[in-house]
Amino acid sequence: MIGLVLAGGGVRGSYQIGAYFAFKKCNIKFDGFVGTSIGSFNAAMLASGKEEELLEFWQNANIGKILGFNEKYIEEINNRHKSNNILYHLFRNGKEVIHNRGLSIVGLQILLQELNLEEDLRNSSKDFGLVTVKARNFKPIYMYKEDIPRNLLDDYIIASCYLPVFKMQKIIDGSYYLDGGFYDNAPVNMLLKKGYDLVYVVDLSSVGISRKPIDKNKVITIKPSHNLKSILNTNLDDIKYNIKLGYYDTIKVLKNLDGTKYIFKNISNWYYRHLMRNVSESTKQKMAKLFHTTIEKDLIIKSIEHLMSAEKYEYTYIYNPIKVIRELKHLRKKGDIYKFINELRIF
């Protein structure tokens, strides 16, 4: 069995739907989904077979409204006005939040009611689980869908997502709950203990406590290669970028593509050695000292990544390294790294 674990991280959770469609592109099917915080929401949607609706949600939803931000602040964030207005509305929204003793969860409750997950999730053959924390004694609560009483699914998802920014109120059985990330931000052992053979974890590089897997050889973790914005960032352009980043980061792992800062199609080590056949020894030594490697493939990839960053190449694309080398040669710029690239021989 193959499972998917979705970590917590607020609005960064948009990264995870991009990752899911990369899995789908590579024909990887999951038998179960578990998550913490926003990961529990995403996991519930995917386990219910609502991947298209989840993508639609992340691409178009008014996240700021769902989280209870005032309209002026949302407008400024989405328009990115270069003025002091954004600071004014941020300050004003902060005053409202403090006055109300936290953000309201009403928007989340309405969203979950509209999505109507209960029947689809219970009728699904997929495993589903989440983790939250009981505030009174800081006790972790791990729940599979079969453990969640009927009509309380939405409440448990909200309990798993209960960041301290929300106004504290009793949710289930007259108790307060905290975000599951306070105890287990990526509950991989929930699936390992169920006997899963392989578990993928989509992390979000957010604050939270991580538990060691009981069998790390069965776990493959995917993390953002570039920094994601704040967990409460509601700008739609940033959210859409997160989706693309999740897709390409996951494709890179699944297809074992080359690169660190960028993604490259695989080319044989022999061809990288062939490219360097006319590079002078003095240039090789300079590059080896600069990039701390003498391996031809690593030296070339690190060099072109350095220049691609300087030339502001977009990350979310799978590049042919030979084509990139040709493009960099045509720039005819000076400098040791450009000199090294110019000494490479494609034919």
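**A helix face, a hairpin and some salt bridges**

Okay, let's start with helix H3, residues 51-60: its buried residues are Glu-51, Leu-54, Leu-55, Phe-57 and Trp-58. If you look down the axis of H3, those buried residues fall within an arc of 160 degrees, so they line one face of the helix. Keep in mind that this is a predicted model.

Next, salt bridges. The structure holds 12 of them, and I'll walk you through a few.

Lys-50 pairs with Asp-120, and the closest N and O atoms there are 2.9 Å apart. This one links distant parts of the chain: Lys-50 sits in the loop between helix H2 and H3, while Asp-120 belongs to helix H8, 70 residues apart.

My last pair is Lys-339 and Glu-343, at 2.6 Å, N to O. These two both lie in helix H16, four residues apart, which is about one turn of the helix. Lys-339 is partly exposed, at 40%, but Glu-343 is buried, at 14%.

Finally, the hairpin. Strands E3 and E4 run antiparallel, joined by six bridges; in one of them, Val-133 partners Pro-140 of E4. Four residues come between the strands, and Phe-138 takes a positive phi near 55 degrees in this hairpin.

Methods
Residues are numbered from 1 along each chain as its sequence is written. This is a predicted model: local features need pLDDT of at least 70, side-chain atom pairs count only at pLDDT 80 or more; totals for chains, interfaces and linings use all residues. Side-chain values use heavy atoms; hydrogens and water are left out. Two strands pair if DSSP finds at least two bridges between them. Buried means under 20% relative accessible area, exposed over 50%, partly exposed in between (1.4 Å probe, protein chains only). The arc is that of the directions from the helix axis to the C-beta atoms. A salt bridge is a side-chain nitrogen of Lys or Arg within 4 Å of a carboxyl oxygen of Asp or Glu.
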